[in-house]
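Subject: Structure handover and findings

Hello,

Here is the structure we discussed, with my notes below it. Please read them with the structure open beside you.

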Amino acid sequence: LTAARVLTFDAAVSRTALSHLAAVMGEALRALLLVQKDDLAVVPLPTDWARGLAVVERSVQGLGVAEVLDERRVARTFDWVHAILTACPCDVGCASCTPAWQVATGDLDKPAVVRLLTGTG
């Protein structure tokens with residue numbers, strides 16, 4: 001068994017924006033919670049099911065991340081993601097503001113992620 005926390009958005013979100021947000025959020029969340037890459041994953045939900053992300057604990061019975069990931073911690077993580085993306089001068093996402101593996105997929109939409117996090121899109 002494992003644990004997960006689902007985060008949904010009211011606004012319409014493209015698959016590309018969710019994928020980009022999930023990648024950057026995963027890195028930020030691991031840094032904030034001081035956990036390893038193998039401990040948790042942030043994955044985009046299928047857009048035909050829900051507009052959102054799932055934070056999934058990868059260890060058996062979890063580490064307790066799902067339980068402590070309250071609204072305040074989610075907001076703090078989103079603040080970090082916003083700061084990371086807006087501090088970078090690139091247009092759509094690059095290896096300086098987005099994990100290199102995500103850049104390699106081509107699923108980049110930094111402007112849509114920033115709009116989503118600021119509530120303007």
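Predicted model: local features only at pLDDT ≥ 70, side-chain atom pairs only at ≥ 80, totals over all residues.

Arg73 and Leu33

Arg73 has a relative accessible area of 29% and is therefore partly exposed, since that value falls between the 20% and 50% cut-offs. Leaving aside residues up to four places away in sequence, Arg73 touches Leu33 and Val68. Val6 is 67 residues from Arg73 in sequence, and the two are 14 Å apart in space, C-alpha to C-alpha.

Leu33 is part of helix 1. Leu33 is also partly exposed, with a relative accessible area of 25%. With residues up to four places away in sequence not counted, Leu33 touches Leu40, Val65 and Arg73. Leu33 and Ala87 are 54 residues apart in sequence, with 22 Å between them in space, C-alpha to C-alpha.

Leu34

Leu34 sits in the loop between helix 1 and strand 2. What is the phi of Leu34? Leu34 is not a glycine, yet its phi is positive, at about 55 degrees. Leu34 is exposed because its relative accessible area is 75%, and the cut-off for exposed is over 50%.

Helix 1 and helix 5

The axes of helix 1 and helix 5 (residues 110-118) come within 8 Å of each other and cross at roughly 80 degrees. Helix 1 is therefore roughly perpendicular to helix 5. Helix 1 contributes Ala17, His20 and Leu21 to the contact, and helix 5 contributes Lys110, Ala112, Val113, Leu116 and Leu117. By type, the residues of this contact of helix 1 with helix 5 are six nonpolar, one polar and one charged.

Which residues of helix 5 are buried? They are Lys110, Ala112, Val113, Val114 and Leu116. The cover over the buried residues of helix 5 includes helix 1 and helix 3 (71-87). After helix 5 comes Gly119, with a positive phi near 75 degrees.

Ala75 is in helix 3. Its relative accessible area is 36%, so Ala75 is partly exposed. Ala75 and Leu117 are 42 residues apart along the chain, and their C-alpha atoms are separated by 9.3 Å.

Ala100 is in helix 4. Is Ala100 buried or exposed? Ala100 counts as exposed because its relative accessibility is 53%. Cys90 is ten residues from Ala100 along the chain, and the C-alpha atoms of the two are separated by 14 Å.

The largest pocket

The largest pocket holds about 170 Å³ of space. There are 14 residues lining the largest pocket, and those closest to its centre are Arg30, Ala41, Val42, Arg58 and Trp101. Which elements give two or more residues to the lining of the largest pocket? These elements are helix 1 (15-33), strand 2 (40-44) and helix 4 (100-105). The lining of the largest pocket is made up of eight nonpolar, three polar and three charged residues.

Regards

Notes: Residues numbered from 1 in each chain as written. Heavy atoms only, no water. 1 Å grid on protein atoms, 1.4 Å probe; cavity = no way out; pocket = protein on both sides within 12 Å on 5 of 7 lines; lining within 4 Å. Points joined across faces, edges and corners; volume = space filled by probe spheres on them. Helix = DSSP H or I, 4+ residues; strand = E, 2+ residues; numbered from the N terminus. Nonpolar A, V, L, I, M, F, W, Y, C, P; charged D, E, K, R; others polar. Buried < 20%, exposed > 50% of the residue type's maximum accessible area, 1.4 Å probe, protein only. Axes fitted to C-alpha atoms, helices over the stretch in contact; angles between N-to-C directions. Parallel < 35°, antiparallel > 145°, perpendicular 65-115°, else oblique. Contact = heavy atoms within 4.5 Å.
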